[in-house]
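Hi,

Here is the structure I promised to pass on. Could you have a look at it and then read my notes below?

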Amino acid sequence: MDERLLRLTEQTPGFLPAAEGLALHRAAVTAGSLGPLLEIGSYCGLSALYLGSAARAVGSVLFSIDHHRGSEEHQPGEAYHDPQLIDAVGRVDTLPAFRRTIERAQLEQWVVPVVAASAVVARHWRTPLGLVFIDGGHSQDSADADYAGWAGHLAPGGVLAIHDVFPNPDDGGRPPYVIYERALADGFVEQAVEGSLRLLRRPARGRSRRPQRIP
Ligand code: MG
């Protein structure tokens with residue numbers, strides 16, 4: 001990560017501590033040779049700075065999926081609502097902030113915003129991916145759909161990154177932890193842990209010790 005982008009991460013709203021962002025960046029630089037990078041949950045572009053700079057470094061691209069209407073916890077009256085992220089008719093809209101972040105970072109060539117529900121895109125996706133970062137809605141339905149929709153699109157050896165994994169229920173919600181456990185049961189192998197970030201590798205074909213149940 002160059003200094004200019006690191007400074008920009010400090011000015012960008014989001015929920016990804018720097019140590020986790022840098023771990024994600026390093027994993028993406030390695031996995032980027034296997035295929036494009038994809039994240040679910042763009043918000044204002046903080047994680048896209050780390051992943052987009054990795055895409056630039058290895059000549060790849062980041063697809064950043066978000067409906068940009070905010071997760072449950074971003075809605076008015078909820079714990080993580082930001083009144084600055086409201087459109088002219090009072091709805092949450094994080095797309096303008098996301099585009100400003102990517103423009104300021106000069107990463108527009110390497111970061112492709114996909115404004116949609118992730119499950120819709122997953123159904124029509126065909127390209128094997130080097131890295132998938134799941135950081136979308138935190139309801140069980142959203143986490144399940146993101147895992148079911150995207151884990152199987154990883155290239156063999158590709159990295160599945162999951163954010164907000166808290167083994168202790170007192171530290172945070174269950175759904176990301178539940179899909180992390182499911183990934184392990186499906187044969188993914190843990191590569192690294194940084195804060196609440198888990199980095200798992202999809203086994204190369206024929207080398208899994210467990211039967212593959214990846215959708
Ligand atoms: Mg998160």
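**Helix packing and cavities**

Helices α1 and α3 cross in a right-handed way (the near helix is turned clockwise from the far one by less than a right angle). Please keep in mind that this is a predicted model, where local features need pLDDT of at least 70 and side-chain atom pairs count only at pLDDT 80 or more, while totals for chains, interfaces and linings use all residues. Residues are numbered from 1 along each chain as its sequence is written, and side-chain values use heavy atoms, with hydrogens and water left out.

The axes of α1 (residues 3-10) and α3 (residues 46-58) come within 9 Å and cross at roughly 165°; helices here are DSSP runs of H or I, at least four residues, numbered from the N terminus. The pair is therefore roughly antiparallel (angles over 145 degrees, on a scale from 0 to 180 degrees between N-to-C directions of lines fitted to C-alpha atoms, over the stretch in contact). On the α1 side, R4, L5, L6, L8 and T9 meet L46, L49, Y50, S53 and R56 of α3 (heavy atoms within 4.5 Å).

There are also two cavities of 30 Å³ or more (sets of points on a 1 Å grid over the protein atoms alone where a 1.4 Å probe fits but cannot get out; lining residues have an atom within 4 Å of a point). Volume is the space filled by probe spheres set on the points, joined across faces, edges and corners. The largest holds about 60 Å³, and its lining includes H138, D146, H163 and D164.

Best wishes

Technical notes. 1 Å grid on protein atoms, 1.4 Å probe; cavity = no way out; pocket = protein on both sides within 12 Å on 5 of 7 lines; lining within 4 Å. Helix = DSSP H or I, 4+ residues; strand = E, 2+ residues; numbered from the N terminus. Parallel < 35°, antiparallel > 145°, perpendicular 65-115°, else oblique.
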